[in-house]
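Hello,

Here is the structure I promised to hand over. Please open it alongside this note. My findings follow below.

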Amino acid sequence: MPDFIQAVDWAVLHWIRENLHCGALDFLMPKLTLLGEGGAVWIVAGLALTASKKYRKHGICLLLALLAGLLICNVGLKNIVARPRPCWLEAVDLLVKNPSDYSFPSGHTWSAVTGAWVITAANRKFGWWAIPLAAALAFSRLYLFVHFPSDILFGALIGAALGLAAVGLSRKLPDKIRRVYTKKRN
């Protein structure tokens, strides 16, 4: 990363550590970040959407987007960029297990933004919980000192692109596919 970005990254992380850390958040953030582990909450949401006739296309497309993001980000970009995590470079008492994979981009963030994007497109009312959850998950990664802000930013951009692609695909899928899929399941 360019020196300017790296300097801003460290400044933001240190500001969070010095100004926002407290007992309540120290308790909450590890539990919150656990929801995003492996995209778990978004996979469950995708399966829940798939179980509903009304939102099935969105659920299928969300699950496909999560699979694409896994391959692009976690298998591809993380290993190509190979950016060390802040907790590997600066000794801190971690509130979570020290991650073993690279930092860039944030997997929790790209999956959260993808999930929130598709869920909100399926039904705006669902966005009332999906969008704040996605933002909180992204912030938890900074609070826990396991990602740089630029990891979060690029994860969010990738997640938005994946979400947009998934919603576009869901709008292009004909209803006939939905009916054929429904008949096979019954």
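Helices (H or I, at least four residues) and strands (E, at least two) are DSSP runs, numbered from the N terminus. This is a predicted model: local features need pLDDT of at least 70, side-chain atom pairs count only at pLDDT 80 or more, and totals for chains, interfaces and linings use all residues. Residues are numbered from 1 along each chain as its sequence is written, and side-chain values use heavy atoms, with hydrogens and water left out.

Start with helix α4, residues 56-81, which holds L71.

Next, the partners of α4. Its axis and that of α6 (residues 107-122) come within 10 Å and cross at roughly 165°. That makes α4 roughly antiparallel to α6 (under 35 degrees counts as roughly parallel, over 145 as roughly antiparallel, 65 to 115 as roughly perpendicular, the rest as oblique). Axes are lines fitted to C-alpha atoms, for helices over the stretch in contact, with angles from 0 to 180 degrees between N-to-C directions. Contact means heavy atoms within 4.5 Å. Residues of α4 that meet α6 include L66 and N74; those of α6 include W110 and V118.

The axes of α4 and α8 (residues 149-172) come within 9 Å and cross at roughly 145°. Here C61 and I72 are among the α4 residues, and I158 and L169 among those of α8.

Now the salt bridges. The whole structure has four, each a side-chain nitrogen of Lys or Arg within 4 Å of a carboxyl oxygen of Asp or Glu. R83 pairs with D9, with the closest N and O atoms 2.7 Å apart. R83 lies in the loop between α4 and α5 (86-89) and D9 in α1 (residues 3-19), 74 residues apart.

Finally, two backbone points. A82, in the loop between α4 and α5, has a positive phi near 50°. The F104 to P105 peptide bond is cis, with omega near -5°. Most residues other than glycine have a negative phi, and most peptide bonds are trans.

Best wishes
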